[in-house]
Amino acid sequence: FELLAMLGDSAAEEMTMIKVIRVFRLLKLTRLVRGSRLAQRLEAPISLPYQHLALLRCVFVLIILCHWLASLWASTILLVPDGTPTWIDAIAAMDEDLGI
């Protein structure tokens, strides 16, 4: 502690921030370990073959990827200036025609 006092306030604050970051990393690591234990506990009673697990993982990744791409596509509306016709306007017009 005397060493910290000699280094000054800014160095002490920086070292404190480093310790806080290390604590957060440790907490993140414990969550990861807890999650892997849960996965192992669920894996034994379910006993799915590896091919099924690989297929489920692939489907899950495809669903997440489709969601991200759809979100990016929808965010393109923010890039066009106001008053420019967009695909959302076309869908809204079709909905009005159908009475939705």
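Trainee: What does the pLDDT of the protein chain average?

Mentor: This is a predicted model, where local features need pLDDT of at least 70, side-chain atom pairs count only at 80 or more, and totals for chains, interfaces and linings use all residues. Residues are numbered from 1 along each chain as its sequence is written, and side-chain values use heavy atoms, leaving out hydrogens and water. pLDDT is the predictor's confidence in each residue, from 0 to 100. Here 78% of the residues score at least 70, and the chain average is 79.

Trainee: Where is confidence lowest in the protein chain?

Mentor: The elements run α-α-α-α from the N terminus, with helices being DSSP runs (H or I) of at least four residues and strands (E) of at least two. Where pLDDT is low, the predicted coordinates should not be read in detail. Helix H3 (residues 50-75) has the highest mean, 90, while the lowest, 52, belongs to helix H1 (residues 2-7).

Trainee: Is Arg 31 buried or exposed?

Mentor: Arg 31 sits in helix H2 (residues 9-46). Buried means under 20% relative accessible area, exposed over 50% and partly exposed in between, with a 1.4 Å probe and protein chains only. At a relative accessible area of 55%, Arg 31 is exposed.

Trainee: And how does Leu 65 count at 40% relative accessibility?

Mentor: Leu 65 is in helix H3. Across the 100 residues of the protein chain, 2% count as buried. With its 40%, Leu 65 is partly exposed.

Trainee: How much accessible surface does the protein chain have?

Mentor: Accessible areas come from the Shrake-Rupley method with a 1.4 Å probe, and for residues only the protein chains shown count as cover. Carbon and sulfur atoms hold 70% of the chain's surface, and the total comes to about 9,500 Å².
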